[in-house]
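The sequence and the structure are shown first.

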Amino acid sequence: MKIFSLFLSFWLTVSLSAQTPLAYYFGDHDFQQDVPTPESVLGYQVGDYHVSHDLLAHYMHRLAESSDRVVLQEYARSYEQKPLQHLIITHPDHHQQLEKIMKNQARLSGKASGAYDEDLPIVIYQGYSVHGNEASGGNAALLYAYYLAASRDPSVLERLRSAVIILDPCYNPDGFNRFATWVNVHRSEELNADGANREFREVWPGGRTNHYWFDLNRDWLLLQHPESRGRIRAFHQWRPAILTDHHEMGTDRSFFFQPGIASRTYPRTPQLNQDLTRDIARYHEAILDSIQSLYYTGESFDDYYIGKGSTFPDVNGCVGILFEQASSRGHRQESVYGVKSFPFTIKNQLMTSLSTLEASYQLRDQLQDFQQEFFKRQPGNVKVTAYELSSKGDDQLLSEFCEILDGHDIDYQYTSSDKIVIPTLQPAGTMIAAMLEERTDFVDSLFYDVSAWSMQHAYNLQVRKISQSAKKFTPREIDYGKIERSGYAYCISLANSRAYPMILDLLSRKVRVLLTNEPYVNWQSGKQIGRGQVIISLEDQPMSDARLHEMLRELASEHKVVVSPLQSGSKETGVNPGSPSHDILTMPSVALVVGDGVTSYDAGEIWHLFDQRLYHPISLIDVDAIGRTDWDRYNTVILVNGRYPSSLESALKDWAGSGKKIIAIRGANNWLRGTDLLDLDIKNDWGRDYGAEDRPYERRRADSGSEYIGGSIFMTQLDLSHPLNYGYGDDQLPVFKRSTMYVEKTDNLYSTPGHFVKDPLLSGYCPPGYEDTLRGKASVVTSSYRGARIISFIENPTFRAYFRGTQRQLVNAILYGEQLAGDTLE
């Protein structure tokens with residue numbers, strides 16, 4: 001194996017005789033003087049402080065201005081409006097033909113005509129710090145970019161002539177900046193390595209996640225956030241041969257790089273991909289050996305969930321590689337390996353960035369062959385030429401699913417207004433099969449993350465395999481604002497989930513909105529009005545009939561919602577619009593309890609739902625502020641998975657009463673049960689019965705893991721007459737489950753609007769015997785305390801923001817929960 005001598009000479013010299021801060025990383029390497037060093041721009045050497053994202057971005061701008069090897073492009077903006085940018089680094093001669101190189105990469109997948117030119121540069125994508133508090137990667141990017149832009153070494157230019165490097169210095173600007181602020185604020189001049197020091201103990205929610213507290217390294221498949229959407233768009237534009245994802249792990253570890261645990265590799269990953277991963281690993285071993293850094297491979301981490309940065313590339317014709325550096329979590333911290341300094345962690349990330357480049361140079365032919373072979377393969381069963389997906393009444397979910405397909409460069413076509421067809425014989429054929437698969441048999445029972453993600457279940461779509469072509473259908477343009485003026489009332493169907501933010505908007509403007517609880521047929525128009533539709537009568541509204549009509553036109557156009565006029569209240573069958581069976585909706589005033597003890601992921605998903613989907617305010621009440629909060633401002637309190645202080649129990653008991661509701665999700669139900677607010681039969685102790693037999697010591701982790709559900713999909717049965725299920729077009733609803741907790745049905749026959757079906761497992765790992773236990777158990781339960789309604793979601797209805805089908809139940813609970821009849825509650 002060839003490794004250029006630079007690695008084995010000056011890197012070892014550096015480790016023995018680092019004389020200056022920059023020399024610690026580069027020894028006496030020769031750099032161009034007209035290219036600014038990081039220190040000259042930041043005002044300090046990399047590793048002395050944690051670089052903030054604004055300074056990181058500023059330095060990359062300076063580098064692009066000063067080097068003819070570098071072009072800087074912004075590809076997205078974070079929620080906090082921080083730029084996501086990558087540097088295109090290559091030999092100066094190649095910058096005149098970047099479009100040609102990009103087109104050549106498109107030929108790999110058949111997205112451009114012509115033969116693939118193997119003489120053009122290979123493309124590698126190197127990215128850092130998708131978890132904001134794993135900062136060594138983003139800081140190493142400063143040094144790596146400088147090295148590539150300024151090195152005078154001819155071998156560096158030779159490698160730049162062979163490759164185009166897409167260098168993404170920070171996948172997660174918001175979290176990265178949050179963490180840098182924390183550790184720099186708590187940095188002492190005399191660095192304190194005591195692990196108990198405040199510097200290493202971030203306050204909730206920490207810097208790992210993005211603005212809404214989502215783990216962006218689970219979003220490569222789901223594409224719920226702008227950071228991911230922009231990155232995946234760039235990925236498909238460049239079709240890299242290698243993509244690297246630089247992370248950190250616990251302080252008392254060393255350094256990990258893939259391959260991971262072989263038995264936990266996603267089955268659709270080509271064997272050649274794994275072979276190349278092992279070949280590339282030899283270069284990481286060599287460079288880490290040269291600086292005497294400990295490392296390991298083949299353990300701890302798997303390569304299964306395709307929504308992670310190191311696995312997503314594997315089903316898209318690319319070799320994804322995970323790096324995990326033991327973290328200093330600040331500037332200098334004690335570990336079992338001695339004191340771990342921030343510069344040391346940066347140096348390991350820098351070295352493996354360089355070894356990746358070297359591997360791409362030495363293995364160029366093999367990588368090109370792999371990519372061409374990958375896209376030539378015919379994926380799946382050739383008898384299945386396409387998948388047909390259709391909505392179950394909510395066309396918005398189909399539309400959102402199509403946006404995901406667009407993001408992944410997947411071809412599809414509409415065949416009717418509520419149906420699409422996805423051909424399987426296309427470059428993304430492997431990705432399509434992976435997105436839609438239902439897998440229940442596994443070689444291994446342990447998973448680093450989820451074992452199921454079937455997108456059709458997340459969006460509550462029907463899917464079937466077809467073997468014939470379909471006629472193309474062009475959806476007609478609908479003028480939603482074209483509403484005939486009524487002299488009596490208007491009707492809005494909530495079958496389309498776009499109607500929810502419109503209803504909330506109307507309530508915020510003090511428009512009186514009626515919820516239909518009984519179906520009827522309008523006599524004059526013959527229109528069927530079912531349960532869960534809303535009526536806006538002209539009687540006693542806070543504005544003129546003309547202004548109300550104009551407002552409905554504006555909002556219908558904005559939210560793309562069909563509004564129908566009712567010219568009369570007469571009925572043919574059922575009830576009238578003025579029936580006492582209908583409810584007048586109240587505008588939700590919502591508090592979400594957050595802070596220490598609360599699962600930040602779950603809390604962030606609720607915040608994101610309100611802010612990005614419902615466009616409705618939600619108050620984030622910190623657990624430390626419970627006693628200082630005026631709870632009477634709110635009619636809705638949401639509790640997600642977590643542990644809560646006794647002060648919240650007291651506050652909720654004082655607050656509870658008619659017109660109030662508590663929505664509890666996952667483990668919040670356990671906490672409520674520990675008070676006398678909730679009386680549910682919750683089982684948390686499920687486990688396999690091994691009998692009296694002794695078990696081998698080496699099986700302890702496998703046995704424990706085999707009894708855990710890290711993320712699988714199960715089917716539930718709905719009562720469509722229940723307000724929590726208004727708007728569903730089908731009484732079967734997939735839910736995402738992440739534990740073996742289960743809840744028995746209550747004695748009240750009307751308090752379980754959803755329960756698990758006889759054979760509930762749809763996709764994912766399920767411990768042997770658990771499916772039988774889950775059969776018939778509740779998925780949602782309603783109860784009460786002193787007149788307040790309590791809606792218990794046993795599973796997370798808005799998992800990672802992409803499980804859209806179950807979000808309707810949650811929104812119905814928010815809008816209608818206090819209207820639930822008292823005799824239907826446990």
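A residue is called buried here when its relative accessible area is under 20%. The model is a predicted one, and this cut-off is applied to strand 7, which spans residues 319–326 and has eight of its eight residues buried. In a regular strand, side chains alternate between the two faces of the sheet. In strand 7 both faces are covered. On one side lie Val 319, Ile 321, Phe 323 and Gln 325, on the other Gly 320, Leu 322, Glu 324 and Ala 326, and all of these are buried.

Strand 7 also has partners. Strand 5, residues 242–249, runs parallel to strand 7 and is joined to it by eight bridges. Within this pairing, His 246 has Phe 323 of strand 7 as its bridge partner. Strand 6, residues 255–257, pairs with strand 7 in the antiparallel sense over three bridges.

The wider setting comes next. The protein chain contains 23 helices and 32 strands. Its radius of gyration is 29 Å, close to the 28 Å given by the globule rule for 826 residues, so the chain is as compact as a globular protein of that length. Along the principal axes, the C-alpha atoms fill a box of roughly 90 × 60 × 60 Å. Of the 826 residues, 63% count as buried. Among contacts in the chain with a separation of 6 or more, 77% are made by residues 24 or more positions apart.

A further part of the model is an open sheet of four strands, in the order 11-12-10-13, with antiparallel pairing. Strand 11 and strand 13 (461–466) stand at its edges; each has a single partner strand, so one side of each is left without a neighbour in the sheet. From one strand to the next, the twist averages 30 degrees. Inside the sheet, strand 10 (residues 386–391) and strand 12 (residues 419–423) run antiparallel and are joined by five bridges. Tyr 387 stands opposite Ile 422 of strand 12. Helix 14, residues 429–436, packs on the sheet by touching strand 10 and strand 12, and its direction makes about 45 degrees with that of strand 10. Helix 13 lies across strand 10, strand 11, strand 12 and strand 13, and runs at about 25 degrees to strand 12.

Which residues does His 408 touch, leaving aside those up to four places away in sequence? His 408 is placed in the loop between helix 13 (395–407) and strand 11 (413–416). His 408 counts as buried because its relative accessibility is 1%. The residues touched by His 408 are Trp 220, Leu 221, Leu 223, Ile 232, His 236, Phe 312, Met 431 and Met 435.

Helix 12, residues 364–376, can be examined by its length and its burial. With 13 residues, helix 12 reaches 19 Å from its first C-alpha to its last, close to the 18 Å expected at 1.5 Å a residue. Its buried residues are Arg 364, Leu 367, Gln 368, Phe 370, Gln 371, Gln 372, Phe 374 and Phe 375.

A second open sheet consists of five strands in the order 19-14-18-15-21, again with antiparallel pairing. At the edges stand strand 19 (563–566) and strand 21 (583–584); each has a single partner strand, so one side of each is left without a neighbour in the sheet. Strand 14 (residues 489–492) and strand 18 (residues 534–537) pair in the antiparallel sense over four bridges. Helix 16, residues 499–508, lies across strand 14, strand 18 and strand 19, running at about 140 degrees to strand 14.

Cys 491 has Ile 535 of strand 18 as its bridge partner. Cys 491 is buried, with a relative accessible area of 1%, and Cys 402 likewise counts as buried at 3% relative accessibility. The structure holds zero disulfides.

With a relative accessible area of 25%, Gln 732 is partly exposed. Leaving aside residues up to four places away in sequence, Gln 732 touches Lys 392, Asn 460, Met 715, Thr 716, Gln 717 and Val 757. The C-alpha atoms of Gln 732 and His 755 are separated by 9.9 Å, and these two residues are 23 residues apart along the chain.

Conventions. Residues are numbered from 1 along each chain as its sequence is written. This is a predicted model: local features need pLDDT of at least 70, side-chain atom pairs count only at pLDDT 80 or more; totals for chains, interfaces and linings use all residues. Side-chain values use heavy atoms; hydrogens and water are left out. Two strands pair if DSSP finds at least two bridges between them. Helices (H or I, at least four residues) and strands (E, at least two) are DSSP runs, numbered from the N terminus. Contact means heavy atoms within 4.5 Å. Axes are lines fitted to C-alpha atoms, for helices over the stretch in contact, and angles run from 0 to 180 degrees between N-to-C directions. The expected span of a helix is 1.5 Å times one less than its number of residues. Buried means under 20% relative accessible area, exposed over 50%, partly exposed in between (1.4 Å probe, protein chains only). A disulfide is a pair of cysteine sulfur atoms within 2.5 Å. The radius of gyration is taken over C-alpha atoms; the globule rule is 2.2 Å times the number of residues to the power 0.38.
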